[in-house]
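Please find below my notes on this structure, written for a colleague who has not looked at it before.

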Amino acid sequence: MGAGAESFDKFAKVFAPGEVIFKQGDPGEHMFIIQSGRVEVYLTTPKGDKSLAFFSAGDFFGEMSIIEKAPRSANARAADETKLIMLDERTFDLHVQSNPAIVRKILKNMSNRLRDANEQIKNLLIKDVNQRVANRILLQCQQHGVKGPAGIKFDIPFSEVELAKDVGLQDEVAKVREVLGQLQSKKIIDIQNGQVVVMSVENLQKFVQYLAMKAEFGF
């Protein structure tokens, strides 16, 4: 956020894997910068926890509660052992006033998160399961894909269970598994150690385009 990590050491706190950082409805007294590790932001629903986002080193979160002076809108917990820089409202304001780059980064992050949320909502409204699943995998490639020799893996957990939650089919994992099987048979994706791996982004894009045209023109 425009300052050396050493200048923030006095604000640091380490969270153990699975440790809750804050809960929905808690007062928003701090924002957080991730120095190391990963954080999962999630909602608790009657059908279980639903992941909203994963953040990693260099990311920040929780700033909206400070800006709006509103309660937390979701829960957050450490996905791994995680070291966080915790800034209260006064410290946050001082850094914002002295470093306009922070403001620009916050605005950019807010814009990206809003765009991602809109894409997720639009995808959830699609009736065709094949299209919904393929769209979500492609979006995850763009947001969390890490290219390697074995294909594109993800810097967040992305199994069929996580995918089913993302597309609103947590009670119908078998349907998601069926779509993944079709994609796997076409060598578009693979399942390695229980996680989705994209073997060909180009073919995945073609598949998504085909499904969109099929939905639009009915063929």
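1. A residue is called buried here if its relative accessible area is under 20%, exposed if over 50%, and partly exposed in between, with a 1.4 Å probe and protein chains only. The model is a predicted one, in which local features need pLDDT of at least 70 and side-chain atom pairs count only at pLDDT 80 or more, while totals for chains, interfaces and linings use all residues. Residues are numbered from 1 along each chain as its sequence is written, and side-chain values use heavy atoms, leaving out hydrogens and water.

2. Rings of Phe, Tyr and Trp (its six-membered ring) pair if their centres lie within 6.5 Å, and count as stacked with planes under 30 degrees apart, edge-to-face over 60 and tilted for the rest; the count comes to five aromatic pairs. One of them is the tilted pair of Phe-22 and Phe-61, with 6.1 Å centre to centre and 40° between the planes. Both Phe-22 and Phe-61 are buried. Ring pairs also link Phe-22, Phe-32, Phe-55 and Phe-61 into a cluster.

3. The rings of Phe-154 and Phe-158 have centres 4.7 Å apart and planes at 65°, so this pair is edge-to-face. Phe-154 is buried at 14% relative accessibility, and Phe-158 is buried at 1%.

4. A charge sits over a ring if NZ of Lys or CZ of Arg is within 6 Å of the ring centre and within 35 degrees of the ring normal. Arg-72 lies over the face of Phe-22, 4.3 Å from the ring centre, and the charged end of Arg-77 sits over the ring of Tyr-42, 3.8 Å from its centre.

5. Lys-187, although not a glycine, has a positive phi of about 60°, and Lys-187 is exposed at 66% relative accessible area.
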